[in-house]
Amino acid sequence: MGRDVIIACDFPSRDDCMKFLDKFEEEKPFVKIGMELFYGAGPDIVREIKERGHKIFLDLKLHDIPNTVMKAMSVLSNLGVDMCNLHAAGTVPMMEAAIKGLTREDGSRPILLAVTQLTSTSQEVMTRDLLINDNIADVVCHYAKNAKVAGLDGVVCSPLEAGLVKEACGKEFFTVTPGVRFADGDIGDQVRVTTPEKAKEIGSDYIVVGRPITAAADPVAAYRRCVAEFVG
Ligand code: C5P
């Protein structure tokens, strides 16, 4: 899979999500389903969106003992998702177990990404609450390297960390970056943002874009603009 724009479908219900996807008559965008929609609508939402021909990033950020994560990943893999994720803080044995659970009988599996440190975690909070005294950029790169050792395909990170991750893990290691805004757009509650063009320059492989597309007056036009700036 090449560079692509993933739309964060952060809708409260199946109907809201379908109404949004109905607007796309020509394209089948890659969509991200998060906890709100998945827990609200259940696994059928994945089947339904898959049947409509979209690729799916299921963003559930698993973190548990290796055996539990292995079994849960096996269920998600059989749902047919194309990309899913977990917390690198679960450690290398957990990530290795996840890969095992995700791998289907024919040897195929969804792309697996690790969340390093959430972008909502500051240096101060990480030190105070987690007793991690290292520099946050070093922690992000260390977690990314652990993910690579465990056989994962990449990480979800801030676009501002994507360059460092590529340096630490190689350019083949995917970086998937949220926090994207158009140069003339509203940044909302995102603090550190980047434009699609800048994300391309930094080396992101996928950008995750929510409100700049879902809340636009013309979501299809906003999606096309994102693709033109990031891929085109
Ligand atoms: O609407 P917006 O473009 O801000 O949506 C970004 C999406 O990426 C949301 O689904 C959000 O939960 C997710 N995300 C994020 N920052 C992270 C991790 C995930 O914005 N560090």
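A: A polar contact is a pair of N or O atoms within 3.5 Å. Keep that cut-off in mind as we go through this model, which is a predicted one.

Q: How do I use it at the ligand, and how far is a polar side-chain atom of Arg211 from an oxygen atom of the ligand?

A: Compare each N or O pair with the cut-off of 3.5 Å. The Arg211 side chain places a polar atom 2.7 Å from a ligand oxygen. At Gly210, a polar backbone atom is 2.8 Å from an oxygen atom of the ligand. Thr119 has a polar side-chain atom 2.5 Å from a ligand nitrogen.

Q: Let's turn to a helix. Which residues of α3 are buried?

A: First the general idea: an α-helix has 3.6 residues a turn, so residues three or four places apart point the same way. Now the case here: α3 spans residues 44–51, and its Ile45, Val46 and Ile49 are buried. These residues are on the same side of α3 because they cover an arc of only 100° around the axis.

Q: How many disulfides does a search of the whole structure find?

A: A disulfide is a covalent bond between the sulfur atoms of two cysteines. To call one, look for two cysteine sulfurs within 2.5 Å. The search of the whole structure gives 0. For Cys9, the nearest cysteine sulfur belongs to Cys17 and is 4.3 Å away. For Cys169, the nearest is that of Cys141, at 6.9 Å.

Q: Are Cys9 and Cys169 buried or exposed?

A: Buried means under 20% relative accessible area. Cys9, at 0%, is therefore buried, and Cys169 is buried too, because its relative accessible area is 4%.

Q: And Arg128, is it buried or exposed?

A: Exposed means over 50%, so Arg128 is exposed, with a relative accessible area of 56%. Arg128 sits in helix α6, residues 123–130. The Arg128 side chain also makes a polar contact of 2.7 Å with the side chain of Asp129.

Key
Residues numbered from 1 in each chain as written. Predicted model: local features only at pLDDT ≥ 70, side-chain atom pairs only at ≥ 80, totals over all residues. Heavy atoms only, no water. Helix = DSSP H or I, 4+ residues; strand = E, 2+ residues; numbered from the N terminus. Buried < 20%, exposed > 50% of the residue type's maximum accessible area, 1.4 Å probe, protein only. Polar contact = N/O pair within 3.5 Å; in protein donor to acceptor, adjacent residues only side chain to side chain. Arc of directions from axis to C-beta.
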